[in-house]
Amino acid sequence: MKKFQMPFLQSPPASPARGSAQLKETSRLPAAALAALAIVTIAYMCFVASAPRPEWTAEELAAARLMRDAEKTVAAGRAARGWKPSPEADPNSTGLIGEEYGDYTTSLGNIYAKRTSTDPRMAALISRLYREAGAKSGDAVAIGASGSFPALTIASLAAAKAMGLKAVIIPSIG
């Protein structure tokens, strides 16, 4: 009967030459174990330990729906006037990203930030921020509106409406 040997537990020879077959053979198992551990850790982080999703309040959901409906209205109005959405600039066809300078849009700002601002969840976030700031139904809120980010104006107005707030718009022109 042959004795089972674990080369990685045995003492190395007195002075192994660099790159020797024995040295390479003993280093494969720890490297494979580390690789397997890394894969398991990454899989756990991606699929099991993901960040919890926030619980949306009724006001936040209402704000998101109002923003979604407002974007559809803007896009429909622009389409009726011959507008065709740019798949690169406005992949969600919101009508709020496009021309360099127009009635609703400007070119100032990062395109990724503009796309992010068109997500209806932005209105839910602003609703949450209003609430965390202590705003209650009937209170007034000032909205600094920029032509560079019209979707943020819509999100702020949708959040204010969903919460019963009085919105005062301070527009930035040019």
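**Overall architecture**

The chain contains 5 helices and 2 strands. Followed along the sequence, these elements are arranged as α-α-α-α-β-α-β. Of the 174 residues in the chain, 26% are buried. When contacts between residues at least 6 apart in sequence are considered, 68% of them join residues at least 24 apart.

**Confidence of the prediction**

For the chain, the mean pLDDT is 79, and 70% of the residues reach 70 or more.

| Element | Residues | Mean pLDDT |
|---|---|---|
| Helix 1 (lowest) | 21–47 | 67 |
| Helix 5 (highest) | 150–163 | 95 |

Where pLDDT is low, predicted coordinates should not be read in detail.

**The largest nonpolar core**

The largest nonpolar core has 19 residues, and those touching the most other members are Met-67, Ala-123, Ile-126, Tyr-130, Ala-155 and Leu-165. Two or more residues come from each of helix 2 (58–80), helix 4 (121–132), strand 1 (140–146) and helix 5. Helix 5 makes the greatest contribution to this core, namely 7 residues. Helix 5 is also the element with the highest mean pLDDT.

Apart from neighbours within four places in sequence, Leu-165 is in contact with Tyr-130, Ala-135, Lys-136, Ser-137, Gly-138, Asp-139, Val-141 and Ala-160. One of these partners, Tyr-130, is itself among the core residues that touch the most other members.

Key: Residues numbered from 1 in each chain as written. Predicted model: local features only at pLDDT ≥ 70, side-chain atom pairs only at ≥ 80, totals over all residues. Heavy atoms only, no water. pLDDT = per-residue confidence, 0-100. Helix = DSSP H or I, 4+ residues; strand = E, 2+ residues; numbered from the N terminus. Core = buried A, V, L, I, M, F, W, Y, C linked by side-chain atoms within 4.5 Å. Buried < 20%, exposed > 50% of the residue type's maximum accessible area, 1.4 Å probe, protein only. Contact = heavy atoms within 4.5 Å.
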